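This briefing goes through one protein model by topic. Look at the sequence and the structure first, then read the points below.

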Amino acid sequence: MRKETLTIVALLCTISSLAQIKIDGRHVSLDTLTNTMLATVPEQFFNTDATLQVQTEEGWSEANIGTTITRQPTAVTFSNLTAESEWHITLTNNDGDTRQATLRFTFLPIVQLLGEFGYDYQTGLFLFSHPDSARTDTLTANIKWRGGTTNVEGKHKRNYKVKFTEDHRLLGLRNDNNWMLDAGQPDVFRMRNRIAFDLWNKMASKPYYAEQEPKALNGVRGALVEVFLQNEWRGLYNLSEFVDRKQLKLKKIDQKTGEIRGCLYKAINWDKTRMFDFFDTYDNTKETFFGYESKYPDLSDNDTVDWLPLVTSNNFACNSTDEAFQQHIADYFDIPVVIDYNIFFNVVNAVDNSGKNMYWAVYDKTATKCLTPVPWDLDATFGQRWGGQLIRETEEGYFNSPDFKLDFELALTYRFFRDNFNDYLGQLNSRYAQLRQPGQPLHTDSIIAIVTYYFQAAKNSGAAAREEAKWSGDSDVWGDDIDFTTEYAYICNWIRQRMHFIDTTRLPLFYKQSYFDQLSVQTPTISQEATPIYDLSGRIVTGSLKPGFYIRDGKKFLVK
């Protein structure tokens with residue numbers, strides 16, 4: 001028998017030995033550290049006298065919650081059921097041994113992970129209980145920790161990457177095998193990433209290929225869940241989709257010819273991801289390249305990746321002539337989405353998401369090499385610094401204050417800002433004004449409504465109180481208290497101040513004017529040149545410049 005099969009059999013036996021009762025067909029999870037059982041029910045049952053069907057599970061002969069319960073479903077009325085309510089329960093197993101526990105309720109879905117997980121994938125079980133379903137799904141998955149700075153030694157509330165053995169549709173989202181459990185580890189509100197993505201999903205223009213792929217999503221969706229690891233409640237999580245080829249509907253590799261078509265690049269660090277540097281070499285046998293990682297294809301999909309679309313667009317952004325830039329930049333970048341990303345970036349004050357922590361996608365490089373941006377990893381938003389350290393609005397002018405002049409530090413946007421090609425500044429501010437109208441995504445009330453929705457879900461389900469008790473003072477949050485009510489008030493006040501600041505300060509918001517000095521765009525004309533132009537073979541060019549790479553004053557530039 002294969003090792004994975006033996007692991008699953010052992011874990012199924014674990015479920016049998018640990019499961020005690022079901023409520024309305026759903027498994028009830030036990031946190032042995034607090035001796036608390038948690039059941040999920042539909043939210044409409046809260047603040048009512050809820051009559052639910054309770055039964056013991058295999059291995060348990062009897063339970064008593066004021067009513068004696070056996071393996072047969074028994075109707076039990078839970079009077080004035082709320083997140084704060086609790087019921088004493090006595091359980092008796094088949095050997096006659098008893099266990100005492102406290103039963104509580106949530107209306108959030110519950111995920112219970114069974115297995116031993118770490119940096120590498122391990123086979124485990126994913127138990128999924130949704131309040132609107134009369135069952136608990138037991139799914140086989142390969143699971144590991146995920147993240148960058150959140151995944152180093154000494155971290156406690158881990159993120160998880162989950163790969164099911166087959167596709168599953170969770171929470172009414174996409175049908176897929178690839179999911180993420182986002183812990184919000186450095187975020188004392190735990191939900192900034194989810195809130196920011198919801199805002200982006202509401203405001204972002206469709207990618208340039210939307211007519212061909214109307215179901216393409218250039219963001220990810222998700223929902224709050226409560227997670228158990230083995231028999232320990234681990235906290236409030238965001239169960240989320242991934243940014244990947246499937247989400248963006250990029251063209252697959254041609255199965256007949258092996259030709260790469262769609263491409264997806266993730267900016268994983270600050271190396272050269274701001275496009276101020278010219279790339280003259282690249283290696284399609286390498287999965288990483290000057291701060292980028294090829295997410296599609298990757299070397300497990302194919303023998304090679306394709307860096308050329310990224311290199312071509314990067315080099316055009318930083319080295320094309322002003323005339324070429326104005327005429328052809330839209331061939332290389334999805335300008336409406338770039339404009340929306342620029343606005344979004346400023347609104348949420350995404351201090352860790354300019355160049356780094358974003359994706360660039362190409363739909364089909366055989367048709368166009370145009371890149372469209374997609375955000376990622378938005379914990380450091382709405383007044384919180386990257387890494388989790390809190391900076392309050394009292395520290396005026398600092399990274400996370402509402403009046404901080406954050407700007408989208410890409411050579412692409414600096415060229416737009418410097419010379420206002422195609423009235424970019426007018427387009428930027430016109431789009432911002434449109435999105436700021438009442439009822440639109442960037443109206444202050446609309447942004448706060450997203451924050452309020454998640455705050456109320458966390459608080460009214462009881463998950464906020466559990467999170468505060470579990471994780472306040474932990475080193476993951478630099479010893480800070482986790483207080484959802486205080487943080488909710490802070491975020492709402494920050495949003496009001498931030499939007500007023502942007503309203504009264506014309507976009508873009510610059511804090512590094514020196515970036516203009518970094519832009520030294522080469523002009524590929526040889527008339528009246530003080531120094532000669534060379535081709536890549538070292539020969540002086542004396543005629544007109546054809547498309548390609550050239551060298552002048554020791555610097556390479558691209559002519560399109």
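**Serine 461 and the model as a whole**

The backbone nitrogen of alanine 463 is 3.3 Å from a polar atom of the serine 461 side chain. The model is predicted, so to speak of its local features requires pLDDT of at least 70, side-chain atom pairs count only at pLDDT 80 or more, and totals for chains, interfaces and linings use all residues. Residues are numbered from 1 along each chain as its sequence is written, and side-chain values use heavy atoms, with hydrogens and water left out. The protein has twelve helices and 25 strands; helices (H or I, at least four residues) and strands (E, at least two) are DSSP runs, numbered from the N terminus.

**Overall figures**

- Of the protein's 560 residues, 57% count as buried; buried means under 20% relative accessible area, exposed means over 50%, and partly exposed is in between (1.4 Å probe, protein chains only).
- The accessible surface of the protein is about 23,400 Å², and 46% of this belongs to carbon and sulfur atoms; accessible areas come from the Shrake-Rupley method with a 1.4 Å probe, and for residues only the protein chains shown count as cover.
- Among contacts (heavy atoms within 4.5 Å) between residues at least 6 apart in sequence, 66% join residues at least 24 apart.

**Around serine 461**

- Serine 461 sits in the loop between helix 9 (444–460) and helix 10 (463–471).
- Serine 461 is buried because its relative accessible area is 0%.
- The serine 461 side chain also reaches the backbone oxygen of alanine 457, at 2.7 Å.
- Beyond its neighbours within four places in sequence, serine 461 is in contact with residues including Ala83, Phe105, Glu226 and Arg466.

**Nonpolar cores**

- The largest nonpolar core has 137 residues, and Phe105 and Phe333 have the most contacts inside it; such a core is a set of buried Ala, Val, Leu, Ile, Met, Phe, Trp, Tyr and Cys residues joined through side-chain atoms within 4.5 Å.
- Leaving aside neighbours within four places in sequence, phenylalanine 105 is in contact with several residues, among them Ile23, Phe46, Phe78, Trp87 and Ser461.
- A second, separate core has 22 residues, including Leu139, Trp179, Leu181 and Ala183.

- Six strands form an open sheet in the order 3-4-10-9-6-7, with mixed pairing; two strands pair if DSSP finds at least two bridges between them.
- Strand 3 (29–31) and strand 7 (68–69) stand at the edges with a single partner strand each, so one side of each has no neighbour in the sheet.
- Strand 9 (residues 87–93) and strand 10 (residues 98–106) pair in the antiparallel sense over six bridges.
- Leucine 91 has arginine 99, in strand 10, as its bridge partner.

**Aspartate 198**

- Aspartate 198 lies in helix 2 (residues 192–203) and counts as buried because its relative accessibility is 16%.
- Apart from its neighbours within four places in sequence, aspartate 198 is in contact with Ile450 and Tyr454.
- The side chains of aspartate 198 and tyrosine 454 make a polar contact (2.5 Å); a polar contact is a pair of N or O atoms within 3.5 Å, where within protein one must be able to donate a hydrogen and the other to accept it, and residues adjacent in sequence count only if both atoms are side-chain atoms.
- Aspartate 198 and valine 220 are 22 residues apart along the chain, and their C-alpha atoms are separated by 8.2 Å.

**Helix 8**

- Helix 8 has twelve residues and reaches 16 Å from its first C-alpha to its last, close to the 16 Å expected at 1.5 Å a residue; the expected span is 1.5 Å times one less than the number of residues.
- Buried residues in helix 8 include Tyr424, Leu428, Arg431 and Leu435.
- The buried residues of helix 8 pack against helix 2, helix 6 (335–348), helix 7 and helix 11 (484–503).

**Backbone points in loops**

- Asparagine 420, in the loop between helix 7 (411–419) and helix 8 (424–435), has a positive phi of about 50° although it is not a glycine.
- Leucine 171 is not a glycine either, yet has a positive phi of about 60°.
- The peptide bond from tyrosine 296 to proline 297 is cis, with omega near -10°.
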